[in-house]
Amino acid sequence: MGIFGNSSPFDQDVERATSENNTSEEWGLIMEICDRAGASTQSAKECLRAVMRRLAHPDPHVQVHAATLLDACVANCGRAFHLEVASRDFETEYRRLLSRAQPAVAGRLRALLRKWAEGEFRDDPQLDLIPSLHAKLRAEPGEPAPRAAAEPAAAAAAAQREQDELARAIALSLREAAPAPAAAAALYPRVDAPAAAPARKVRALYDFEAAEDNELTFLAGEIVHVTDSSDPNWWKGYNERGEGLFPANFVTGELGSTPATVATGAPPAGEAGADAAAAGPAADEPPSSIDEAAMDAALALLHEADPREAGAGAAEAALARLEARALAMGALVDAALERADRRHARLTQLSAELVDALNLYHSLMRDPLKPLYPPHGFPPPALHPPPPRSAARDLTLSDRGANM
């Protein structure tokens, strides 16, 4: 028998998809088998051979799973698989399976044959064998007569069931192809909240420069929209520069303050710095140079300050004045840093050029000098000292005697 002749490369996967231990259909594996079977004519033939072998299994559960797999292959594997189904070998084996199957399995196989005859195989002359087989089986004496009123409803139910199964198979394939979003949804189940709270506006107290890609940069006095304040130390929000995390103590909910007053305010732990900055007239006068002594004094007071001490009003006022003066020198400090960066970049370039020049010099010193030859390519003749006079005279006399 041609279909059951030899083993098939699909045997292992088909056995897994139609195992008697399966409590439901393995749609992921079924769709993978369909993709492989539809690749070529030989693949379609080998897949059909493996499925028909499982249809002949004595266990009815295996037969039902194999019938579902066969139906999925007919629906998804294309014309190559249809031509293998519409063959004499398939008709012979299908008739034999119908005669030996239990009533429930035989009813399932007859329903599939009717579905194919009225669907994929109906209008193609090369696939006419399946409608012909269906007509022959209906004409047999043991075949129950169809109910005209129930056939449309049964066909519609079967079509709906087929669409549901195909939708589940496609959804399962998409989930397997993209496991990362599924894992993220499992790790963060609260992301899909039904209703998101509106963003809350806060004003920046200090400049913050993002050190990581997931942080948000802003300047003192700018408005930041807070989207997540669940963490007490780091909040999440956005502004015109982007979206990211920022320190919670760098912003305030008081939107009525002016940017200048906010920029010179103290940290959120106390409000003495803001009062001192508003009272100090020196903060209104722009400094003409960088006062390093004032910065050092402000840092020293900050290090020595103890918020638990009481009655330190003078120290707090002095600290507020020094802090306001240091903040007023921010533009000068930025300009000095920019000049230093330019000088550093220029020195780095000069250093690289010097290293290249030294490397070239050392390579030239290591390579030996090549000898210089005449243009014609031959080495110059060897230079010999002239012979002495006595040898030259003897040579001349010998030449004369030879000529005579």
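The entries below go from the whole chain to single residues.

**Entry 1: ground rules.** I am reading a predicted model, in which local features need pLDDT of at least 70 and side-chain atom pairs count only at pLDDT 80 or more, while totals for chains, interfaces and linings use all residues. Residues are numbered from 1 along each chain as its sequence is written, and side-chain values use heavy atoms, with hydrogens and water left out.

**Entry 2: the whole protein.** I looked up the helices and strands, which are DSSP runs numbered from the N terminus (helices are H or I with at least four residues, strands are E with at least two). The protein has 16 helices and five strands. Next I looked up burial, where buried means under 20% relative accessible area, exposed means over 50% and partly exposed is in between (1.4 Å probe, protein chains only). Of the 404 residues, 28% count as buried.

I then took the accessible surface, computed by the Shrake-Rupley method with a 1.4 Å probe; for residues, only the protein chains shown count as cover. The surface comes to about 26,800 Å², and 57% of it belongs to carbon and sulfur atoms. I also looked up contacts, meaning heavy atoms within 4.5 Å. Among contacts between residues at least 6 apart in sequence, 61% join residues at least 24 apart.

**Entry 3: the cores.** In soluble globular proteins, nonpolar side chains tend to be buried together. I used the term nonpolar core for a set of buried Ala, Val, Leu, Ile, Met, Phe, Trp, Tyr and Cys residues joined through side-chain atoms within 4.5 Å. Which residues touch the most other members of the largest core? They are Leu70, Phe81, Phe90, Tyr94, Trp116 and Ile130, out of 47 residues in that core. The elements that give it two or more residues are H1, H2 (27-37), H3 (41-55), H4 (60-76), H5 (79-85), H6 (88-100), H7 (103-118) and H8 (129-139). Apart from this core lies another, of 11 residues, among them Leu216, Phe218, Trp235 and Ala248.

Not counting residues up to four places away in sequence, Leu70 touches Leu48, Val51, Leu55, Phe81, Phe90, Tyr94 and Trp116.

I also checked H8. Its buried residues include Leu129, Ile130, Pro131, Leu133, His134 and Leu137. What covers the buried residues of H8 includes H5, H6 and H7.

**Entry 4: Asp11.** Is Asp11 buried or exposed? Asp11 counts as buried because its relative accessibility is 16%. Asp11 is in helix H1 (residues 11-17). Leaving aside neighbours within four places in sequence, Asp11 is in contact with Ala50 and Arg53. The side chains of Asp11 and Arg53 are joined by a polar contact of 3.1 Å. A polar contact is a pair of N or O atoms within 3.5 Å; within protein, one must be able to donate a hydrogen and the other to accept it, and residues adjacent in sequence count only if both atoms are side-chain atoms.

**Entry 5: salt bridges.** Side chains of opposite charge can pair when their charged atoms come close. The rule I used needs a side-chain nitrogen of Lys or Arg within 4 Å of a carboxyl oxygen of Asp or Glu. By this rule the count comes to 13 salt bridges.

I looked at Arg79 and Asp124, whose side chains meet in a salt bridge of 2.3 Å, N to O. Arg79 is in helix H5 and Asp124 in the loop between H7 and H8, 45 residues apart. Arg79 counts as partly exposed at 39% relative accessibility, whereas Asp124 counts as buried at 19%.

Lys136 and Glu91 meet in a salt bridge of 3.8 Å, N to O. Lys136 lies in helix H8 and Glu91 in helix H6, so this pair ties together parts 45 residues apart in sequence. Lys136 is partly exposed at 38%, and Glu91 is buried at 9%.

Arg122 and Asp123 form a salt bridge of 3.7 Å, N to O. Arg122 is exposed at 51%, and Asp123 is exposed at 66%. Salt bridges that share partners join Arg88, Glu91, Arg95 and Lys136 into one network.
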